[in-house]
Amino acid sequence: MNKFITAIHTALLASLLLSTAAFGAVREAPLVVNHLCTVLDTIPLEAIQTAQDLCKWHYARTSHGRQLMVGFDRIESVDPFYAAIWPGVGGSLPVEPGMLCIYTDAVGPESYWRGSGIDVTRSIITGTPALNISAMCWCTELNTATESYVQDYLTAMQTLENEFPDVAFVYFTGTAENNGAYGNNRYLRNKQIRDFCVANNKILYDFEDLDCWWFNPATQQWDYSTYEYNGATVPVEHPNLAGDDAEHTSYESCEQKGSTAWWLMSMLAGWSGTPVVSGDNSDGPAPTLGLSSYPNPFNPSTTIVFSLPSQAHTRIEIYDTAGRLGRTLVDEVLAGGPHQVLWDGRDKSGCRLNSGVYLYRITAGNVSTSRKIVLLR
């Protein structure tokens, strides 16, 4: 699904991203991230880097909101390029180059928008002028919330937008883990938030949607989970995403939400990403060919592993993050099945490369994907 960006295009894209990032700008269309924004390979590496450089995120959350943080952790454990950092309870903005820096604290509505809580948000943003994104993730408040309660939330968010025009305020829908009457009420309140954001060109992280959709690798389609309540069809957390691995859900659900958070940060930083959309929502993650490497980080060598669904002409290339080709490891027709190739950390001339982040890219037939790897000398 991804196509590699040449060095010239890389420079142009980086320039474009830096010039178009306008966090608090009035939007001409809504920005909604949901289950169609879960494939990390779709995001250019330069967009991730720009998000790490530019995005300073004030993120208020309790336990359900930590699902995103667990997702960040698990994504970074597989690929250190996706680096994010946040402090413990207490709140402050870390300053770490090459990482997405997040100011976060374990707080809910009463410390973000409700009543005097809006003054807490004002104080944090005023006291930390580097912040340019702000959001609160719901816990289970919407299970019993009234329409007027949610309207107060929407009004408070607009008040903050008016007071801090250089900050992008991200609206959230809530968890979909409950069914029955609570689940139906939660669905109606989430719909209220979603409808408002779409009608008023707001930024929405659709947490409920991410709970309900699961990509089935066997059918290569998205599967939507619902239940019936008083004659109405209500979305609910998909059983294949449910669990208690971390923060009331499964690791897979956390990773899906972390990937979508990277989509959101990249788009707020200027990337004009296009969600994977089809008429029946059946499009799914791009083929990855099982591409991975171990160890990562590495020194002096690493093994790149992959699997081909069928015979194909295959190229495996090493690039630096500026898009310069360092070495071609494979350029031949390979049979379907698992394969591996060793990279010794040297370029095509046999010279040892310096420590840093590199990209290894596989192209097999019309399928292409890439990963990041860290060389430590």
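Student: In which order do the seven strands of the open sheet stand?

Tutor: The model is predicted, so local features need pLDDT of at least 70 and side-chain atom pairs pLDDT 80 or more, while totals for chains, interfaces and linings use all residues. Residues are numbered from 1 along each chain as its sequence is written, and side-chain values use heavy atoms, without hydrogens or water. Strands are DSSP runs of E, at least two residues, numbered from the N terminus, and two of them pair if DSSP finds at least two bridges between them. The pairing here is parallel, and the order is β1-β7-β6-β5-β2-β4-β3.

Student: Which strands stand at the edges of the sheet?

Tutor: An edge strand has a single partner strand, so one side of it is left without a neighbour in the sheet. The strands in that position are β1 (31-33) and β3 (84-85).

Student: What is the bridge partner of His-58 in β5?

Tutor: Strand β2 (residues 56-61) runs parallel to β5 (residues 133-136), and four bridges join them. In β5, the partner of His-58 is Ser-134.

Student: How many residues apart in sequence are the parts that the pair of Phe-298 and Trp-343 ties together?

Tutor: Phe-298 and Trp-343 form a tilted aromatic pair, 5.4 Å centre to centre with 55 degrees between the planes; rings of Phe, Tyr and Trp (its six-membered ring) pair if their centres lie within 6.5 Å, and planes under 30 degrees apart count as stacked, over 60 as edge-to-face and the rest as tilted. Phe-298 lies in the loop between β12 (292-294) and β13 (302-308), and Trp-343 lies in strand β16 (residues 337-343). The pair therefore ties together parts whose separation in sequence, in residues, is 45.
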